[in-house]
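The following note sets out several points for a student reading this structure. Please keep the sequence and the model in view while working through them.

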Amino acid sequence: MNVGDSLPPLEIPVTRTLIVAGAIASRDYQDVHHDAELARQKGSPDVFMNILTTNGLVGRYVTDHLGPHAVLRRMAIRLGAPNHPGDTMVLRGTVTAVDGGTVEIRVTGANGLGHHVTGTVTADITAEVAA
């Protein structure tokens, strides 16, 4: 693994089930994540994904690439355009630093509205995974 290496893109269909299940799993019961009518009353065209679901998907994206021995040490993400049902989020990553067994990856996730998530993930990897 070298600085500048790209991770293969991952397309994630944004379904209503994914949004609602992610909110419930993370105990986020805000109505904008499960009730379309209330979300519209609050100015959104539909329900939208919460940050904890996004965080989990970013973590999955990185560990799917680095392998089962990778340990996420730090995740710093920012949300932008919301993920609504019916869209697709495409995650992409680029290695920005490698220091021994530690790797930093810049991650972006875009949907039809623009960038949904940007940030960095720092992970420890074993020599077996890095080879």
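1. Ile105 is in contact (heavy atoms within 4.5 Å) with Leu7, Val62, Leu66, Gly93, Thr94, Val95, Thr96, Gly119, Thr120 and Val121, leaving aside neighbours within four places in sequence. The model is predicted, so local features need pLDDT of at least 70 and side-chain atom pairs count only at pLDDT 80 or more, while totals for chains, interfaces and linings use all residues. Residues are numbered from 1 along each chain as its sequence is written, and side-chain values use heavy atoms, with hydrogens and water left out.

2. Ile105 is also among the residues with the most contacts inside the largest nonpolar core, together with Leu66, Leu91 and Val107; this core has 25 residues. A nonpolar core is a set of buried Ala, Val, Leu, Ile, Met, Phe, Trp, Tyr and Cys residues joined through side-chain atoms within 4.5 Å. Buried means under 20% relative accessible area, exposed over 50%, and partly exposed in between (1.4 Å probe, protein chains only). Two or more residues each come from β1 (6-13), α3 (51-66), β3 (88-99), β4 (102-111) and β5 (114-124). The largest share, five residues, is given by α3. Helices (H or I, at least four residues) and strands (E, at least two) are DSSP runs, numbered from the N terminus.

3. Ten bridges join β4 and β5 in the antiparallel sense, and Thr108 stands opposite Thr118 in β5.

4. Asn111 lies in strand β4 and is buried, with a relative accessible area of 11%. Not counting residues up to four places away in sequence, Asn111 touches Ala81, Pro82, Asn83, Asp87, Thr88 and His116.

5. Is Arg27 buried or exposed? Arg27 counts as exposed, at 69% relative accessibility. Arg27 is placed in the loop between α1 (16-25) and α2 (36-41), and has a positive phi of about 60° although it is not a glycine.

Technical notes. Pairing = 2+ DSSP bridges.
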